[in-house]
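Work through the exercises below with the sequence and the 3D structure open beside you. Try each task before you read its solution.

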Amino acid sequence: MTVPYGTPDAPRIAVRGEAHLEVDPEIARIGITVASRGKDRRTALDDLTRRNATVLDLLKSYGDAVERLETGSFSVTPELKEHGRGERVHAYHGSVHITAELTDFTALGELTTRLADQELTRVDGPWWALRHDSPVYREARQQAVREAVQRAREYAEALGTSLSSLLELADIGAENPEPRFAARARSPRLESFDGAQAAVTAAPLDLEPQRQHVYAHVNARFTMAPPRL
């Protein structure tokens, strides 16, 4: 039969280990929305196709700095006349959403500025993050375990004894074990809705990476040699 609180011959000690790391981000994500508007469907679609190709070519020109490039939602929507009978179309609106993931933060400021300089193009971001398989998560977990062992050892030493065995090591919130990084800060939105390329290229934005906060927590239970009280 298991005794939940140990026995006089094998007292149990339970502790919590914690770790908090503050590190630089590994990736930055930006969202790009390309838009078009035309009196007829074909004009809106042709303009959207041209602008989308221009944005994709610009993103691809940065080579390995852009690690991932994905096209998301696409739409061409009719805008009905406000006043009038029947389904009379006033104009057509088109949009394409693109997500880009960058690892070269030096190129990020220049790229976002050049994207925002494009016709009817909106840029959202950047959102800073760590990779899902970042070694920082492992480092945080291991640090939390070491802290738990150290804390338990200090309690045992205070009683004039020592740890003898590990009974249990539990990741707090085992249903969601991966440490979480800090919530993303609200990022600026860059827009270009003037309908034409700027005559003078805008100066690159100076973007400072947002530090990421990684947390890890564990519960640990040990037995210790009987102390002489």
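Predicted model: local features only at pLDDT ≥ 70, side-chain atom pairs only at ≥ 80, totals over all residues.

**Exercise 1.** Describe the secondary structure of the protein chain and the order of its elements.

*Solution.* Begin by counting the elements, which come to 3 helices and 9 strands. Then follow the chain from the N terminus, where the elements run β-β-β-α-β-β-α-β-α-β-β-β. Finally, consider burial: of the 229 residues in the protein chain, 34% are buried.

**Exercise 2.** Work out how helix α1 and helix α2 are arranged, and which residues join them.

*Solution.* First locate α1 at residues 41-60 and α2 at residues 105-116, whose axes come within 11 Å and cross at roughly 165 degrees. Angles over 145 degrees count as roughly antiparallel, and therefore α1 is roughly antiparallel to α2. The crossing of the two helices is right-handed. Next look at the contact itself, in which V55, L58 and L59 of α1 meet L111, R114 and L115 of α2; these residues divide into 5 nonpolar, no polar and 1 charged.

**Exercise 3.** Find the largest nonpolar core and the elements that build it.

*Solution.* The largest nonpolar core has 23 residues, and those with the most contacts inside it are I30, I32, L59, I98, L111 and L115. Two or more residues each come from β3 (27-38), α1, β5 (89-102), α2 and β6 (121-129). Taking I32 as an example, its contacts beyond four places in sequence include V55, L59, I98 and L115. Another core, of 17 residues, lies apart from the largest one and has V15, Y137, A148 and V218 among its members.

Conventions
Residues numbered from 1 in each chain as written. Heavy atoms only, no water. Axes fitted to C-alpha atoms, helices over the stretch in contact; angles between N-to-C directions. Helix = DSSP H or I, 4+ residues; strand = E, 2+ residues; numbered from the N terminus. Parallel < 35°, antiparallel > 145°, perpendicular 65-115°, else oblique. Left-handed = near helix turned anticlockwise from the far one by under 90°. Contact = heavy atoms within 4.5 Å. Nonpolar A, V, L, I, M, F, W, Y, C, P; charged D, E, K, R; others polar. Core = buried A, V, L, I, M, F, W, Y, C linked by side-chain atoms within 4.5 Å. Buried < 20%, exposed > 50% of the residue type's maximum accessible area, 1.4 Å probe, protein only.
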